[in-house]
Amino acid sequence: IPRLLYIRAFSSSARQLKNKVPESQKIFQADNGLPVHIKGGTGDVLLYRATMTLTIAGEERCSRCISTVQEDKC
């Protein structure tokens with residue numbers, strides 16, 4: 001009898017998940033002039049800007065290190 005209760009509890013508590021893909025397709029395929037990597041909203045814009053900032057800062061730091069090494073060896 002306890003096994004029957006466990007099976008019943010799991011089968012009755014399962015949620016039906018809604019398919020959100022069509023909604024996402026409408027958002028990302030809309031012709032609103034935005035690049036696809038920032039169509040997701042504010043979070044995507046902030047993530048894009050943070051990524052660009054870190055990329056540019058990292059390239060600048062690498063360039064400084066390379067120029068320092070070149071100056072020391074000459």
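Helices (H or I, at least four residues) and strands (E, at least two) are DSSP runs, numbered from the N terminus. On that basis the protein chain of this predicted model reads α-α-α along the sequence, with 3 helices and 0 strands. Residues are numbered from 1 along each chain as its sequence is written, and side-chain values use heavy atoms, with hydrogens and water left out. Because the model is predicted, local features need pLDDT of at least 70 and side-chain atom pairs count only at pLDDT 80 or more, whereas totals for chains, interfaces and linings use all residues.

**Confidence**

- The mean pLDDT of the protein chain (the predictor's confidence in each residue, from 0 to 100) is 84, and 77% of the residues reach 70 or more.
- Confidence is lowest in helix α1 (residues 2-13), where the mean is 56, and highest in α3, where the mean is 93.

**Surface and burial**

- Of the 74 residues of the protein chain, 3% count as buried, where buried means under 20% relative accessible area, exposed means over 50%, and partly exposed lies in between (1.4 Å probe, protein chains only).
- The accessible surface of the protein chain comes to about 7,200 Å², of which 61% belongs to carbon and sulfur atoms; such areas come from the Shrake-Rupley method with a 1.4 Å probe, and for residues only the protein chains shown count as cover.
- I27, F28 and V36 form a nonpolar patch on the surface, with about 270 Å² of accessible area together; patches are made of residues with over 30% relative accessible area and no salt bridge, with like charges joined within 9 Å and nonpolar side chains (Val, Leu, Ile, Met, Phe, Trp, Tyr) within 5 Å.

**Salt bridges**

- The count comes to 2 salt bridges, a salt bridge being a side-chain nitrogen of Lys or Arg within 4 Å of a carboxyl oxygen of Asp or Glu.
- One of them joins the side chains of K18 and E23, at 3.1 Å from N to O; K18 counts as exposed at 62% relative accessibility, whereas E23 is partly exposed, with a relative accessible area of 40%.
- E60 forms a salt bridge with R64, the closest N and O atoms being 2.8 Å apart, and because E60 and R64 are 4 residues apart in helix α3 (residues 42-73), they are separated by about one helical turn.
- Both partners count as partly exposed, E60 at 39% relative accessibility and R64 at 45%.

**Cysteines**

- A disulfide is a covalent bond between the sulfur atoms of two cysteines.
- With a disulfide taken as a pair of cysteine sulfur atoms within 2.5 Å, the count comes to 0 disulfides.
- C62 is in no disulfide, and the nearest cysteine sulfur, that of C65, is 6.5 Å away; C65 is likewise in no disulfide, its nearest cysteine sulfur being that of C62.
- C62 counts as partly exposed at 47% relative accessibility, and C65 counts as partly exposed at 38%.
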